Amino acid sequence: MGLKRNVGLMTALRYKGQGPFLTYILHRIGGLGMAVFISVHLLASFVSGPGGRLINNIYQNWVFQIVIFFCVLFHAINGLRITILDLFPRLISYHRQAITVEWVVFAAVYGFAVFTIIRTGLGG
Amino acid sequence: MATKSRNLSIAKRGLMSFETIMWVFTRLSALGMYALILFGIIGALVMGARNNMNFADVMRWGFMPNVTHVENTDLPDTTPWASPLWKLTASALLIIAVGHGVHGLVVIADDYIATAKGRQVVRIFSGIMILSMIGIGLYLIWTS
């Protein structure tokens, strides 16, 4: 049986899942981003040659680093929240507060990472 | 009166199913990766990262402690960064990350592929991906 959805695209986009849904979807985007990045990075390093070097040079560009750091750091920090709440289910009633703490930690770590990446990228 | 779930055996609760085991594996492998990343960051600081690398470079090393990830830094000598200890750490991180990541891809794929045959294809493909990524990754780590 094929997959059927009875929800239109516009309805889906208006879904008010709020904070928990945002972290859920960003966790998936971050995970998929890392999976694609790491797979291509491994293959590019393995194949080497001009094509492999071109791909790895793109990866080392500071603009790309900002994107991949978002994927990695958000996935890691959000994953830590999920793991803590799953291993200590009594904390689940505080999941919204946990998401707030998560965003604060992410903003601090990612903000500092982006600052150093841009400063290095611009030759500072 | 209905039987309370807490009185059911582990087998009847389905706690030994493959999906449940992988649910636990996903959480525990995440903890394992955090430990290895922390080990890598502490190791980088011990080996002189404080004076020769920026924060982003240290994070990059922490997420995969392979010597090629510190070649563009100001480190005067990268020999200690290519020691067997770091190759073993990178290998452990690679194997855990590939298992964690490929299973995550299967979970996402299952949300969009509902047919039994389609899911079977996804699982065969995921097995091939796990073996090839670990093989290529270990080759790169131990030859760099």
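Reader: Which elements do the buried residues of α5(B) pack against?

Author: This is a predicted model, in which local features need pLDDT of at least 70, side-chain atom pairs count only at pLDDT 80 or more, and totals for chains, interfaces and linings use all residues. Residues are numbered from 1 along each chain as its sequence is written, and chains are lettered from A and ligands numbered from 1 in the order in which they are written. Among the buried residues of α5(B) are Trp86(B), Leu93(B), Ala97(B) and His100(B) (buried: 20 or more other C-beta atoms, placed from the backbone, within 10 Å of the residue's own; exposed: 12 or fewer; partly exposed: in between). They pack against α2 of chain A together with α2 and α6 of chain B.

Reader: What span should α5(B) have, and how far apart are its end C-alpha atoms?

Author: Helices are DSSP runs of H or I with at least four residues, and strands are runs of E with at least two, numbered from the N terminus. The expected span is 1.5 Å times one less than the number of residues. For the 29 residues of α5(B) that gives 42 Å, which agrees with end C-alpha atoms 42 Å apart.

Reader: Are α2(B) and α5(B) roughly parallel or roughly antiparallel?

Author: Helix α2 (residues 18-46) of chain B and helix α5 (residues 84-112) of chain B pack at about 150 degrees, with axes 9 Å apart. Axes are lines fitted to C-alpha atoms, for helices over the stretch in contact, and angles run from 0 to 180 degrees between N-to-C directions. Under 35 degrees counts as roughly parallel, over 145 as roughly antiparallel, 65 to 115 as roughly perpendicular, and the rest as oblique. The two helices are therefore roughly antiparallel.

Reader: How do the residues of that contact divide?

Author: Residues are in contact if their C-beta atoms, placed from the backbone, lie within 7 Å. The α2(B) side includes Met22(B), Thr26(B) and Phe39(B), and the α5(B) side includes Ala97(B), His100(B) and His103(B). Ala, Val, Leu, Ile, Met, Phe, Trp, Tyr, Cys and Pro count as nonpolar, Asp, Glu, Lys and Arg as charged, and the others, Gly among them, as polar. The contact of α2(B) with α5(B) has nine nonpolar, eight polar and no charged.

Reader: Which residues does Thr26(B) touch, leaving out those up to four places away in sequence?

Author: Thr26(B) sits in helix α2 of chain B. It is partly exposed, because 19 other C-beta atoms lie within 10 Å. Its C-alpha is 9.8 Å from that of Ala97(B), 71 residues away in sequence. Beyond four places in sequence, Thr26(B) touches His100(B) and His103(B).

Reader: Which element of chain B gives the most residues to the side that touches chain A?

Author: In total, 19 residues of chain B are in contact with 24 of chain A. The elements of chain B giving two or more residues are α2, α4 (55-63), α5 and α6 (116-143). This side of chain B divides into 14 nonpolar, four polar and one charged. With five residues, the most is given by α5(B).

Reader: What covers the buried residues of α4(B)?

Author: Eight of the nine residues of α4(B) are buried, including Asp57(B), Arg60(B) and Trp61(B). The cover includes α4 (62-87) and α5 (95-121) of chain A together with α2 and α3 (49-52) of chain B.

Conventions. Contact = placed C-beta atoms within 7 Å.
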